[in-house]
Amino acid sequence: MEGVDFCRIMMAEKSGNGWTKPRDIKLGASNINYMHPCMGPKGKYLIVSASDKKGFGGYDLYMSIWVPSEDKWSEPRNMGSAINTKGDEVFAYMDADTLYFSSNGHAGLGGLDIFKAEMTGDVTWDNVENIQYPINSSSDDFALIYEKGKDQGFFTSNRPGGKGKDDIYSFKMPPIEFCLQATVYDYDS
């Protein structure tokens, strides 16, 4: 939009074979960059990355909740110190009750790494975990998504050996293997 120096989140709705005119989602102060939107399950949550000076530092993840009675999103709420650091938290993605995001503030392999966190309440998160190599590398790794209902998906990385600066990679999770141990007791003796 002309005359705007900050990133904002826009929304358009499907209408027939097209889309409605995009409208600005009013999330808070107009002098804050809002970017990398992620819609949660059933459209109840909107997670964005924002550069609010009241945050933990860099870009933090914020959550807004859809308020149907007002036909708008609530004021974004910082997702807290379990998720956010003094670094940047960006590129959120939700898969059921698991949040994936990239961070250069949590301990990782270098650059942006992809982490996951579990939803532990209606709007609380815990158990932040680095998803490790081979998806994470010493380069920037970000923007992970899963194909719906499958154990495969895509992520972006600027690791060496790609075709350009930021490349899209696919992945497939290996099947889970179980090891069963049994002890046999002889009750006849």
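Me: How do the residues lining the largest pocket divide into nonpolar, polar and charged?
Reply: Happy to start there, with a predicted model: local features need pLDDT of at least 70 and side-chain atom pairs 80 or more, while totals for chains, interfaces and linings use all residues. Numbering runs from 1 along each chain as its sequence is written, and side-chain values use heavy atoms, without hydrogens and water. A pocket is an open set of 1 Å grid points over the protein atoms alone where a 1.4 Å probe fits, with protein on both sides within 12 Å along at least five of seven lines; lining residues have an atom within 4 Å of a point. With Ala, Val, Leu, Ile, Met, Phe, Trp, Tyr, Cys and Pro as nonpolar, Asp, Glu, Lys and Arg as charged and the others as polar, the lining has 11 nonpolar, three polar and five charged residues.

Me: Which strand gives the most to that lining?
Reply: Strands (DSSP runs of at least two residues, numbered from the N terminus) E11, E12, E14 and E16 each supply at least two residues of the lining of the largest pocket. With three residues, the top contributor is E16.

Me: Which residues lie nearest the centre of the largest pocket?
Reply: The lining comprises 19 residues. Nearest the centre are Ile-131, Ile-135, Tyr-146, Phe-171 and Met-173.

Me: Is the pair of Phe-101 and Phe-115 stacked or tilted?
Reply: Rings of Phe, Tyr and Trp (its six-membered ring) pair with centres within 6.5 Å; planes under 30 degrees apart are stacked, over 60 edge-to-face, the rest tilted. Phe-101 in E11 and Phe-115 in E12 are 14 residues apart. Their ring centres lie 5.9 Å apart with planes at 25°, so the pair is stacked.

Notes
Helices (H or I, at least four residues) and strands (E, at least two) are DSSP runs, numbered from the N terminus.
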